[in-house]
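The sequence and structure come before the notes.

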Amino acid sequence: MVQGTTSDAGKSTVVAALCRLLQRQGVRVAPMKPQNMALNSAVTVDGGEIGRAQALQAQAAGILPHTDMNPVLLKPSSDTGAQIIIHGKVRADMHARDYDQYKTVAMGAVLESYQRLQQQYQVIVVEGAGSPAEVNLRERDIANMGFAEAVDCPVILVADIDRGGVFAHFLGTLACLSASEQNRIIGFVINRFRGDISLLEPGLRWLEEKTGKPVLAVLPYLHGLQLDAEDAIQSSQHGSGRFRIIVPAIPRISNHTDFDALRAHPDVDLQFIGPDQAIPAADLIILPGSKNTRSDLEFLRQQGWETVLRKHLRYGGKLIGICGGYQMLGQQISDMHGVESAPGITAGFALLDTVTELTREKRLQQVTGVCAFAPDPDEARVSGYEIHMGVTYVSKLSPAFRLDGQAEGEGAVSADGQILGSYLHGMFDHPEACQALLHWAGLRSEHKVDLAALRELSIDRIADAAAPILDALARLD
């Protein structure tokens with residue numbers, strides 16, 4: 001099991017790297033994260049929903065993602081509540097205090113998944129969540145040491161040296177653990193190091209003498225990786241291309257990995273615009289998915305986006321809405337069952353002639369098809385996935401996509417051709433679809449971004465860098 005001293009220490013990356021290294025050796029290996037809290041999710045081969053980081057790790061292991069790789073997924077809908085997904089399916093919406101009591105039930109689901117994976121794979125590389133040092137969450141823990149103790153597995157502890165205080169992170173984490181949990185940690189990994197390693201070596205020796213545990217590896221800071229983020233976005237990062245795309249960083253943004261291909265495009269400057277930031281002029285605005293669409297719609301209104309969108313369209317700009325963003329573009333969003341928030345109806349931006357009704361049943365589906373808006377749809381294939389709780393009714397608008405095996409078109413394009421809405425996550429991931437969408441938006445470019453190929457290269461890069469971990473583990477054995 002790979003645990004971290006903090007969130008974003010590099011746990012997901014180390015797990016993916018170890019999966020790829022073992023896969024290269026012909027080992028049947030699978031990733032697992034007992035409990036994940038993330039709004040970036042993926043649809044699995046068995047028709048469920050898991051965190052995107054585990055889907056990436058499955059790719060590193062050379063296998064298809066399955067719900068057993070992330071048996072408990074929490075999707076926050078507010079600061080104190082979340083949708084609880086067990087074995088890929090929605091189980092309930094709970095307040096944090098209620099879920100804390102529910103963890104004993106969730107642990108049963110976690111152990112079921114672990115046992116099934118044990119029957120199929122030689123090695124399971126498990127990822128922890130956050131930090132095991134959260135003593136307030138230790139009782140009924142299923143995400144870190146609670147799981148490790150239950151299945152009796154060794155633990156590697158990872159810390160990010162780029163944050164500073166790496167030695168304090170290691171020692172402080174150990175100090176918060178019980179004696180049996182401390183004994184379970186077999187070594188440390190220092191992540192994101194840059195500089196002269198000889199200047200770090202005295203500290204490594206001190207750490208090993210102080211704790212009696214080895215430093216398994218010091219991993220370099222690797223720039224330019226194209227890997228699915230687990231959750232957080234960095235709104236200040238953007239490119240330098242000539243075609244500007246802006247995306248509002250709404251509070252409950254979901255699946256912002258939809259924009260990874262655009263961030264990698266050499267002709268695109270993609271910017272996430274955070275709260276109270278100035279909203280610049282752009283060629284294309286994209287409204288992203290949301291876990292609480294009506295609340296995020298009101299947030300956009302408060303931030304002045306409604307005026308910005310209308311001015312943008314008046315000056316000929318293009319607009320795309322994805323999933324929750326698609327719902328916002330319509331006349332209204334009805335949530336009479338209280339699926340995402342208090343029951344009620346919220347007026348949309350009224351930019352598309354559509355209405356949305358949120359439903360209790362979640363649609364989870366991997367899809368392929370063609371870009372119906374393209375001059376030659378057959379030359380513009382698209383692939384992606386749907387994750388949404390709602391039905392959008394469209395009045396006399398052309399579809400955005402035509403999906404294989406479905407008679408009706410998907411999504412909608414406005415009569416003037418300026419606005420496109422769709423439930424299709426990952427619409428930019430396929431090179432042909434990305435080029436077609438950017439061409440529709442006004443970018444004439446011959447560049448094609450193959451996101452799958454970029455991910456493969458990134459996985460290989462992190463695996464090559466992490467090879468010392470596997471070598472050190474072999475010596476420990």
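At what angle do helix H1 and helix H13 pack, and how far apart are their axes? Helix H1 (residues 11–24) and helix H13 (residues 451–476) pack at about 85°, with axes 7 Å apart. That makes H1 roughly perpendicular to H13. The model is predicted, so local features need pLDDT of at least 70 and side-chain atom pairs count only at pLDDT 80 or more, while totals for chains, interfaces and linings use all residues. Residues are numbered from 1 along each chain as its sequence is written, and side-chain values use heavy atoms, with hydrogens and water left out.

**Helix packing**

- Axes are lines fitted to C-alpha atoms, for helices over the stretch in contact, and angles run from 0 to 180 degrees between N-to-C directions.
- Angles under 35 degrees count as roughly parallel, over 145 as roughly antiparallel, 65 to 115 as roughly perpendicular and the rest as oblique.
- Helices (H or I, at least four residues) and strands (E, at least two) are DSSP runs, numbered from the N terminus.
- On the H1 side, the contact (heavy atoms within 4.5 Å) with H13 includes Thr 13, Val 14, Ala 17, Leu 21 and Arg 24.
- On the H13 side, the residues in this contact include Glu 456, Ile 459, Asp 460, Ala 463 and Leu 470.
- The contact of H1 with H13 has 13 nonpolar, one polar and five charged residues; Ala, Val, Leu, Ile, Met, Phe, Trp, Tyr, Cys and Pro count as nonpolar, Asp, Glu, Lys and Arg as charged, and the others, Gly among them, as polar.
- Helix H5 (residues 166–175) and helix H7 (residues 197–211) pack at about 10°, with axes 11 Å apart.
- That makes H5 roughly parallel to H7.
- From H5, Phe 167, Phe 170, Leu 171 and Leu 174 meet a set of H7 residues that includes Leu 200, Leu 204, Trp 206 and Leu 207.
- By class, the contact of H5 with H7 has eight nonpolar residues, two polar and one charged.

**Annotated domains**

- UniProt (unreviewed entry) assigns "domain: CobQ/CobB/MinD/ParA nucleotide binding" to residues 1–225; UniProt positions are in the numbering used here, feature names are shortened, and annotations may be inferred rather than shown by experiment.
- Residues 1–225 are 39% helix and 26% strand, with the end C-alpha atoms 23 Å apart.
- UniProt (unreviewed entry) also places "domain: CobB/CobQ-like glutamine amidotransferase" at residues 244–431.
- Over residues 244–431 the chain is 16% helix and 35% strand, and the end C-alpha atoms lie 19 Å apart.

**Annotated active site and the largest cavity**

- On a 1 Å grid over the protein atoms alone, a cavity is a set of points where a 1.4 Å probe fits but cannot get out, and a pocket is an open set with protein on both sides within 12 Å along at least five of seven lines; lining residues have an atom within 4 Å of a point.
- Grid points are joined across faces, edges and corners, and a volume is the space filled by probe spheres set on the points.
- There are two cavities of 30 Å³ or more.
- The largest cavity holds about 160 Å³.
- Of its 17 lining residues, Ser 290, Glu 340, Ile 387, His 388 and Met 389 lie nearest the centre.
- Helix H11 (324–328) and strand E23 (381–388) are the elements that give two or more residues to the lining of the largest cavity.
- That lining divides into four nonpolar, nine polar and four charged residues.
- UniProt (unreviewed entry) lists Cys 323 and His 425 under "active site".
- The lining of the largest cavity includes Cys 323 and His 425.
- Cys 323 lies in the loop between strand E18 (318–322) and H11.

- Of the 24 residues lining the second largest pocket, Arg 52, Gln 366, Tyr 385, Asp 429 and Arg 455 are the closest to its centre.
- Helix H2 (52–61) is one of the elements that supply at least two residues of this pocket's lining, and H2 gives the largest share, four residues.
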